[in-house]
Amino acid sequence: MKTTDTVPAGPAGPAGPAGVAEDRPPVVKAPAPPAAKVKSSEGAVLNVFSHGVLVIWAILVVLPLLWAVMTSFKTDADIFTSPWSLPDALHFENWSRAWTQAHMSDYFLNTVIVVGGSLVGTLLFGSMAAYVLARFEFPGNRFIYFLFIGGMSFPIMLALVPLFFVLNNVALLNTLHGLILVYIAYSLPFTVFFLTAFFRTLPTSVAEAALIDGASHTRTFFQVMLPMAKPGLISVAIFNFLGQWNQYMLPTVLNTDPEKKVLSQGLVELAVSQGYKGDWSGLFAGLVMAMLPVLAAYIVFQRQVVAGLTAGALK
């Protein structure tokens, strides 16, 4: 009896209808994307989003400043008829009028004296107190430190009436040096808090080496530790400068002498007078005058500010 030979199915699959095995290609699964690529794509999306938010924030901050500078060179008619257009000519007489007729020069000089004196006193007394609290252990150390911290949470409005009577009793009311002392007391809590944490990050071996060489504690502080704390001093000086330069409530209550008013008081007085004179171009010129020192200080010392803020996290 004759038998029929059957062709077995090939490795690729079962036999076809003609008895010949179909040669099907093997199924190859696509490899899963690596986790690193997924994370990098997510990071790129987050980076684009964060940069977009920063760009929007920068536009919201920079545009009003540029508009104020642009408006300070316009005439009063141009300010109301075309507030968003560029000035047809640079009217520098707005600046000269604000500087002389609106007495911005006197207000500017008083502000420089008050803020300059208070900054020197704040940095001197604040750094000395912070160095002692950070480097020396004595009974009541933490209590004094927390007293300074508590001063940061004390509302200045509650101290206005007592400050008024205290300065009046010691004959310091309506004086620039009385305002300097108040600014120093107002800025000391934050200064001590900031510099205490900064002095703790400085190496102790340098101070110990200076003491072994025969230097006193005073000389060690002023010639060794204080120069090492320069980034922190610049950072806290910038913060205090911004707060003291823009301070309005304290001088309004404690300094009512028209000849000794500071810049913030002068700007308010100039703004109030616009209801009767209509010198809006002079008002914007005075506003830019008060704004320029703050911008210049931050632009010049921005690297030192960042270095001072990050130095406490590095050892």
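Predicted model: local features only at pLDDT ≥ 70, side-chain atom pairs only at ≥ 80, totals over all residues.
Modeller: Residues are numbered from 1 along each chain as its sequence is written, and side-chain values use heavy atoms, with hydrogens and water left out.

Biologist: Why does Ser235 count as buried?

Modeller: Its relative accessibility is 0%. Buried means under 20% relative accessible area, exposed over 50%, partly exposed in between (1.4 Å probe, protein chains only). Therefore Ser235 counts as buried. Ser235 lies in helix α10, residues 230-245. Helices (H or I, at least four residues) are DSSP runs, numbered from the N terminus.

Biologist: What does the side chain of Ser235 reach?

Modeller: The backbone oxygen of Pro231, at 3.0 Å. A polar contact is a pair of N or O atoms within 3.5 Å; within protein, one must be able to donate a hydrogen and the other to accept it, and residues adjacent in sequence count only if both atoms are side-chain atoms.

Biologist: Why is Trp245 called buried?

Modeller: Its relative accessible area is 6%, so Trp245 is buried. Trp245 is also in helix α10. A polar atom of its side chain lies 3.0 Å from the backbone oxygen of Ala290.

Biologist: Which residues does Trp245 contact beyond its neighbours within four places in sequence?

Modeller: Among them are Phe108, Val112, Leu263 and Pro293. Contact means heavy atoms within 4.5 Å. Trp245 and Leu263 are 18 residues apart in sequence, and their C-alpha atoms are 8.0 Å apart in space.

Biologist: What makes a nonpolar core?

Modeller: A set of buried Ala, Val, Leu, Ile, Met, Phe, Trp, Tyr and Cys residues, joined through side-chain atoms within 4.5 Å. The largest one here has 26 residues. Trp95, Met104, Phe241, Trp245 and Leu263 have the most contacts inside it. Helix α13 gives the most to this core, with 9 residues.

Biologist: Why is α4 called roughly perpendicular to α9?

Modeller: Helix α4 (residues 104-135) and helix α9 (residues 217-228) pack at about 95°, with axes 12 Å apart. Angles under 35 degrees count as roughly parallel, over 145 as roughly antiparallel, 65 to 115 as roughly perpendicular and the rest as oblique. So α4 is roughly perpendicular to α9. Axes are lines fitted to C-alpha atoms, for helices over the stretch in contact, and angles run from 0 to 180 degrees between N-to-C directions.

Notes. Helix = DSSP H or I, 4+ residues; strand = E, 2+ residues; numbered from the N terminus.
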